[in-house]
Amino acid sequence: MASLPAPDSTDRVLGGRYRLEHPLGHGGMATVFRARDEALGRDVAIKLFHSSSTDSERQEGELAVLASLDHHALVQMHDAGIEVDGFGRSNRYIVMTLVQGTDLHRRLAPAAPSLSPRHIGEIGYDMAEALDYIHAHNVIHRDIKPSNILLVDYGDGAPRARAKLTDFGIALSDDMERMTAEGATTGTAAYLSPEQASGKPVGPESDVYALGLVLLECFTRKLEYPGSIVESAIARLTRDPVIPDTLSELWQQLLAAMTAREAADRPSRHELVAALKLIVIAESGRHKEESTEPLFPNGEEFGPASPRSGILDTLPDEALDRVTAMAARLFSAPISLVSVVDHDRVWFKSHFGADVEAIAKEVDFTGNHVPSDGPVIIEDCSLDERTKHHPLVTGSFGLRFYIGVPLKRHTGKTIGTLVVLDLVTRAVSPAEVENLEDLAALVVTQLELRQEGMRTTGEIRTSRA
C-alpha cells in the first residue's frame, strides 16, 4: 500500500492552481509558502493553516478581516480556499501578495547595516498610514512587531523605504467575536502595551504603543522590554522606555508620546500620520550622506546633485539654514525655504533638504518665475482660489498654509522669496509678517555684504598682480 504524502509537502497544488514551492516561515497556527499561481503565471505567498479545530474561529476571523481591507501599506489578499490533504484533513489557506524583500526583524539583525533616521521615519510613516486605515475600519491588529512588518524591495535601488503590515491572526474587529477571555493576554511579550500586559481591554492605542517600541528598537537595536511575558509586563508597568537623548527632539517627543503608559496620552491615528510625515520631511535634510543610502545594501545610489544658483553660492549654507530654521520656528511650521530667480531659473535652498526642495519646485501659484514684490499669505490653501486646485493641496502632501515675503536688494529689485509652508491652516498676525520680512532682509543683507567682500578681495588681488 502506498504511503500518503506528508501534509506540508511542497509537491502539492492547492485549489487546482497554486503550486507550493518552499516555506517562507512557520508559526504555531500556519506555515507561509512561496507558491506559483499557475493560472496567472505569477508568484504568490500562501498561508496554509495547520489542522486544528480549536483555531478554526481564529482562521475565520483573519480571513474576514483581510477580506475587508485594501490599502497600499497592507499585504493584499487575493484568494482563499480549503484543501483536503493526503490524510483527509481539511486545511484552510489564504493567498496573498508575495512581498519581495525581507521583514524588519531580519533587517535589524546585528550583522545588518544600521537604518538611517530617515528610513526609520519612512517605515514608521507607512505603518502609521496602515494603522490609520485599519483603525478607521474598527480593526485592531494587536501584534505589531518587526517580523510582521515587511520591507519591500522593488529591485530598482530606490532609497525610499516602503513597508507593509501583515499577519492579522489575532486582530479584532467589530464584526468578530472577541475570542480573548477577560483578563487574558494576547500578543508578543516584548511589544505588548501596558493595557495588554495587564489583561485589560485594548483599543487602537495599543497598536500605537507597539509601533513606538518597534521604532525605538530600530534606533537602539535591542528590545526595550526583554524577558518572559511576566518580566516584560512588570517592566513596562513600572517604567517608561529609555529614549536615547542623541535622537532629534522630534523623535524624542514622538516616541515618548507613542509609548505613554496611559492610552489616552498617546497620539490619535491622524496625529500619528501627521507627526511621522513631518519627521520624514525633517530627516530629509539631516545626515544626507546616510539618508541617501538605499534601504537594501545592494541597491543603487542617488545620481549627482543638481547645480546651485550662483547667487545662492555667495551666501553660506550655515546662514541660509539659520534663517530658514528661524522662519520655520516663527510659525511653528515644518518647512521653510529660500527661492532665488537667477537667469530665468528658480533655485531653492530648504532648511529641510532635497525632498522638500523637490516639493517646493511645485509651489508656483502665479504660473511664472517672477517673485511677488509683496507678501503672499494663504491661510487655508484648500479654500483660496489661487491654490485650492493645486496638486500640493489636493494630493497626498496636503499643503494648507503658505506665506512668502520677497527678498529685495537695496536697489528695490526683488530676487527671490522666503517661504514658510505647513500642513495645517493658521491665521497670521501683522507682527509675524514683519518678523518674516526682517528675516528676508537679513538674507539679502548678508548676501550683498558677502558679494561686496568677494568683489573687493578680487580687486585687491588684481591690483597686486
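In which strand is Lys47 found? Lys47 is in strand S4, residues 42-49.

This is a predicted model, in which local features need pLDDT of at least 70, side-chain atom pairs count only at pLDDT 80 or more, and totals for chains, interfaces and linings use all residues. Residues are numbered from 1 along each chain as its sequence is written, and side-chain values use heavy atoms, with hydrogens and water left out.

**View 1. Lys47 in strand S4.** The unreviewed UniProt entry lists Lys47 under "binding site"; such annotations may be inferred rather than shown by experiment. Lys47 counts as buried because its relative accessibility is 10% (buried: under 20% relative accessible area; exposed: over 50%; partly exposed: in between; 1.4 Å probe, protein chains only). Strands (E, at least two residues) and helices (H or I, at least four) are DSSP runs numbered from the N terminus.

**View 2. The largest nonpolar core.** This core has 58 residues, and Leu104 and Phe168 have the most contacts inside it. Two or more residues each come from helices H1 (56-68), H3 (117-136), H5 (204-220), H7 (249-258) and H8 (269-283), and from strands S6 (90-97), S9 (149-152) and S10 (163-165). Another core, of 21 residues, lies apart from it and includes Ala327, Ala333, Ile403 and Leu418. A nonpolar core is a set of buried Ala, Val, Leu, Ile, Met, Phe, Trp, Tyr and Cys residues joined through side-chain atoms within 4.5 Å.

**View 3. Packing of H3 and H5.** The axes of H3 and H5 are 11 Å apart, at an angle of about 170° (axes are lines fitted to C-alpha atoms over the stretch in contact; angles run from 0 to 180 degrees between N-to-C directions). H3 is therefore roughly antiparallel to H5, a term for angles over 145 degrees. On the H3 side, the residues in contact (heavy atoms within 4.5 Å) include Pro117, Ile120, Gly124 and Met127; on the H5 side they include Val208, Leu211, Leu215 and Phe219. By class, the contact has 12 nonpolar, 2 polar and 1 charged residues (nonpolar: Ala, Val, Leu, Ile, Met, Phe, Trp, Tyr, Cys and Pro; charged: Asp, Glu, Lys and Arg; polar: the others, Gly among them).

**View 4. Arg142 in the loop between S8 and S9.** Arg142 is not a glycine, yet has a positive phi of about 70°. Strand S8 spans 139-140. With a relative accessible area of 9%, Arg142 is buried.

**View 5. Arg221 in the loop between H5 and H6.** Helix H6 spans 229-238. Arg221, also not a glycine, has a positive phi of about 60°. Arg221 counts as partly exposed, at 26% relative accessibility.

Notes
Parallel < 35°, antiparallel > 145°, perpendicular 65-115°, else oblique.
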